[in-house]
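Welcome! Take a moment to turn the model around on your screen, and then let us walk through it together.

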Amino acid sequence: MAGGFRFIWITLFTAVLDAQQPIQPPAKLESCSVEGQLVNAVTGEPVTKAEITLWGIGTARDQRYTTTTAAAGRFAVPDMEPGKYQMSARKRGYSAADYGARSAGRSGTTLSLDPGQHLSGIVWRLSPQAVITGHVLDVDGEPLPSIEVALLQHRFERSKRQLAFSGQARTNDLGEYRLFGLSPGRYYLSATANRMTQLGEYDGRQGYAPTYYPGTSDPAGAKAIELQAGTLLRGADITLTKTRTSRVRGRVVDPDSKQRVQGVGISLQRRGDESQFIFWSNFAYRIDEQGNFEIRGVVPGAYYVEAVKQGEGKTLRARQPIDVRESDVDNVVLELQPGTELKGQLRIEGRAVGDVTDEQIALQPDDSSYGGGVGATVKADGSFTLADVQPARYFLSVYGGTDVYYQKSVRLGAQDVLESGLDLTHGVSGTVEVVLSANGGQIEGVVLNANEQPEAAATVVLVPDEPRRSQTRLYKDATTDQYGRFTIMGIAPGGYKLFAWEEVEDGAYEDPDYLKAYEALGEPKNIRERSRESAQLKLIPAEAKKVPPR
Amino acid sequence: MNLARFVLLAAPVLLVAQQPATVSSQTGQPQPLQPTRPEDLCSVEGQVVNAVTGEPVKKAEVSMNGRVARRIAVAFGATSDATGRFVIENVDPGQYNLSAERNGFVRQQYGARGPDRAGSPLTLNPGQNARDLVFRLLPQGVITGHVVDEDGEPVEYAQVRVMRYRFVRGQRQMAAAGNASTDDLGEYRVFALTPGKYYLSATYHQRNVMMEAQDRTPRGAAEEGYVPTYFPGTNDPAGAGVIDVSPGAVLSGVDVALHKTRTLRIRGRVVNPLGEGLPPFVQIRLVSRNPALAGLNSAVARVVQNRGGTFEVRDLTPGAYFLMAQWQEEGKPRVIKQPVDLGNSNVDDLSVPLSAPLDVKGQVRVDGTGDVNLGNVTVGLDPQGPMFIGRASAKLKDDGSFALDKVNADNYAVSVYGLPQNFYVKSIRMGDVDGLDAGLDLTRGSAGALDIVISPNGGQVEGTVADPKGQLASGATVVLVPDAPHREQSALFKTVNTDTSGHFSMQGITPGDYKLFAWEDVESGAYQDLEFLRPFESEGESVTIREGGRESRQLKLIPAESTPKSSGN
């Protein structure tokens, strides 16, 4: 889920940029075009009425084009701005794919279009979809309606390989669900009863816990489902069993009211399990004037219990992690605290003050299962204000025209927090000062395969040297274009290694265990301010892919 | 109605435990949450049966959502056994909403006349055992079919909506009753439908709504696109066919073919009249000005954001619309609406100024003297018109003042909630404007502070309802309807259900002339529709309420058979 969120973040921020830029005069550059044919990867038959989308990256990032394949699966996108693009296709009965991607979810080939270039003769093979259908049943074998069935896959999230959400369906009154448009791969399923009404105590203290296919509440016991192109898997049935529920008791402390606790809402939020796409659960609870509360009907699991008080233009919150097993949880103390305002200043080296236009600042909590990120637009004078920042540890990101910039320094008051992140667990003191630099290094290069031929759609990754491997912001990646070329910009000075994979899972290289096996295949690069490097990389073939650790 | 209340309860952030305005003792250390004394615990027993066959329904889930002494949320439940019987034990005393549901049936509220009617709460006194509660569940209706395109190919992710007429603020409005999305076979299935008359529409789903892509698909001169198609095959909601769903019916083969038609577009630009920057995101939607269609989002074609505040809404059909622009400003939702008329040609260069918000301040004063706790009073501004978007409300401060920040420039009805027992709103004024009768026009700014006077001397009326056989009728809906000149003021309408002995009482009534009606079965809000009310006019019992007055009336029940349903025509 964090991966999904990250994607949305970025998409949103890109849209913000679009909204804020003045309309530009029409480009004088010679226009380009892309032409090709879409065919069924298995039968070779043309795929008609497919939706083709091209979106620009780098300098062309404001450009987006779409068309529909016609007879014989042919498509043509005339009248394009020059630049670099990625291309995707969608068609009922096929899995959605990027052009040139090694497998679902990977980046495809970058298409480089020089002014006036007409790229034609593309033959694009689209894989037929896989489908999973089944029923969700109770212990008597009767259908359960309106159950959320989540499709899960192992993904690297925050340097760890874990089960992550990658799609969902809902059962009908026959208990049936159907997950379609799936790409080949290994999947897992979970089913969750997500009631419209408040959860409470049923039949004494019984409730449905989230259950993995074919019928276990333990993620480790989930059974893998292997899908090939065109697989129609029927009968993936899940039986939900009731389990004993617990109560959670504690006290809310409100610094604003010494005598009575009023207007406080309490909720439970699932914690630490990226495969659970249900973040909020509406459990029944009671609370008295002293702030004593009791939540009922809680199925076993890891949660955050959160108290929120809204009013008078401010929000107070408190949050505690809890683990609910068989017994009740007592003595949870939730001390309400107001969110604070964090002011800051962004400066870009090499650009005048008053000329900051594109940037967005975001604070992302270092615990990904807590959705408490905040963002702000940087004003023209470089100032920004992050409102309602809750106590937590955060990392600061800057979005915008930043692929040419790198974070040179981040200071909170007198403290250097570039590497450590912002520890705001005890509130905010001081302002943030962020310095971006346009004087980062740049690497241009080409990837060659075993036959010394340029390799398109290879994933090139720049990995920082130890001890900076925990600094996510220093990792940079790019996909090679149709000529096997790549460009990486805005590199912070320091030591790195460059890798070129034929096939690598997104984010896998941030996992030290994963990277260990490839260490010797990396090309060392030392980057200084303004350095312009070139590189010729050897492709790490897909066959050499190690089985990633679970 | 009740569904809305449920949603509110279920939204965690909104779920707020409100306390009564009593002053608590200030004694020492807080005690842990007191469990109910064992002898005070209650129980609820009853049976769930099939409303059509009378047979017991096993494995039905009976839920109690409730408020106990201090208005706190609790939920209990039990599953019915093979004989349809259920027992819920160890329940805290308090007031509960009960409902029963079972796959294959329509959810039923306790004490409701039918599946779509409001239930009546069950009050459990300490130690009480409530027995012989009966839930009669109606078997659900199911509508299923395929959505295909002009070539007969299945359409995936098509949005299918099942609709019926309902009364919203006294107006008959088409409203969604269920929805579904088609799978890769073009199949959909809408279930748990209450028996009744429905309409169905299918809409092509644009996958890449976030992206403003330049479409390079070769096409003729006319813009073509997909607009909502109503079963059996029309783009005109007025031509939609009725789908009659009887209890337990599974209507299959309700297929819809989508055809590309010539469509219209609106292009425009969002501007900030103050010349400052624009908010990062502005959502543009089009909502029909036809009140019957205003509840449907189908008129929202596509939201497209672009640089410089320009936007384009495509795939529209001719009609009268409100263009709604929504955005966030310093954490507050903002909305403006402006009328747009689409004839037979595209609209280009539409300017949408994002007007600045107003800060409305005011004071609630009590007519007469006396120390009254107004801690629970909330002043609300409800936008007039078909949409509910942009509501503003504020609680009173200790001195009776209130401040509504960043209110959208719009026309509003002023409402006052949470008044103490038997209070009524005597006057609402802003400068020279009487806001009680006409509402507030804030489109040109605020004309000063809002002055609200409340009086403790509301009128009261109580009485009984008898059916045509002379039997006292429980669960009847008693409605107090203001006299003809005041029927636009929804705040003057009051409604209450008779209790198990056929008795009703209302308090806090604004002095004036009214009529009292007692329906066996009436759709919520129908009585605010003048058309609906006309044939019953002679059955209303006139009553004049004076300041502080108490009236008593015996009412005759209007039987369900003589009450038309909105979905029936």
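In which strand of chain A does Glu51(A) lie? Glu51(A) belongs to strand S2 of chain A, residues 51-57; strands here are DSSP runs of E with at least two residues, helices are runs of H or I with at least four, and both are numbered from the N terminus. Glu51(A) counts as buried because it has 20 C-beta neighbours inside 10 Å. The cut-offs are these: 20 or more other C-beta atoms within 10 Å of a residue's own make it buried, 12 or fewer make it exposed, and anything in between is partly exposed, with C-beta atoms placed from the backbone. From Glu51(A) to Lys84(A) is a step of 33 residues in sequence and 20 Å in space, C-alpha to C-alpha.

A few words on reading the model. It is a predicted model, in which local features need pLDDT of at least 70 and side-chain atom pairs count only at pLDDT 80 or more, while totals for chains, interfaces and linings use all residues. Residues are numbered from 1 along each chain as its sequence is written, and chains are lettered from A and ligands numbered from 1 in the order in which they are written.

How confident is the predictor about chain A? The mean pLDDT (the predictor's confidence in each residue, from 0 to 100) of chain A is 84, and 86% of its residues reach 70 or more. Confidence in chain A is highest in strand S9 (residues 130-137), at a mean of 97, and lowest in helix H1 (residues 2-20), at 34. Over residues 1-27 of chain A, pLDDT stays under 50. Residues 545-550 of chain A also have pLDDT below 50. Where pLDDT is low, the predicted coordinates should not be read in detail.

Now look at the domains of chain A, whose bounds come from an automatic or database domain assignment. They are domain 1 (31-126), domain 2 (130-243), domain 3 (247-338), domain 4 (340-437) and domain 5 (441-544). The centres of domain 1 and domain 4 of chain A, taken over C-alpha atoms, are 37 Å apart.

Next come two sheets in chain A. One is an open sheet of four strands with antiparallel pairing, in the order S32-S31-S34-S37; two strands pair if DSSP finds at least two bridges between them. Strands S32 (374-377) and S37 (422-423) of chain A stand at the edges with a single partner strand each, so one side of each has no neighbour in the sheet. Six bridges link S31 (residues 360-365) and S34 (residues 393-399) of chain A, and Pro365(A) stands opposite Tyr394(A) in S34(A).

The other open sheet has three strands in the order S42-S39-S45 of chain A, with mixed pairing. Here S42 (485-491) and S45 (532-538) of chain A are the edge strands, each with a single partner, so each has one side without a neighbour in the sheet. Strand S39 (residues 441-448) of chain A runs parallel to S45(A), joined by seven bridges, and Glu444(A) has Ser534(A) as its bridge partner in S45(A).

Finally, visit chain B, which has three helices and 42 strands. Of its 569 residues, 38% count as buried. In chain B, ten residues of domain 3 are in contact (C-beta atoms, placed from the backbone, within 7 Å) with six residues of domain 4. Strand S25(B) gives the most to this side of domain 3 of chain B, with four residues.

Definitions and conventions
Two residues are in contact if their C-beta atoms, placed from the backbone, lie within 7 Å.
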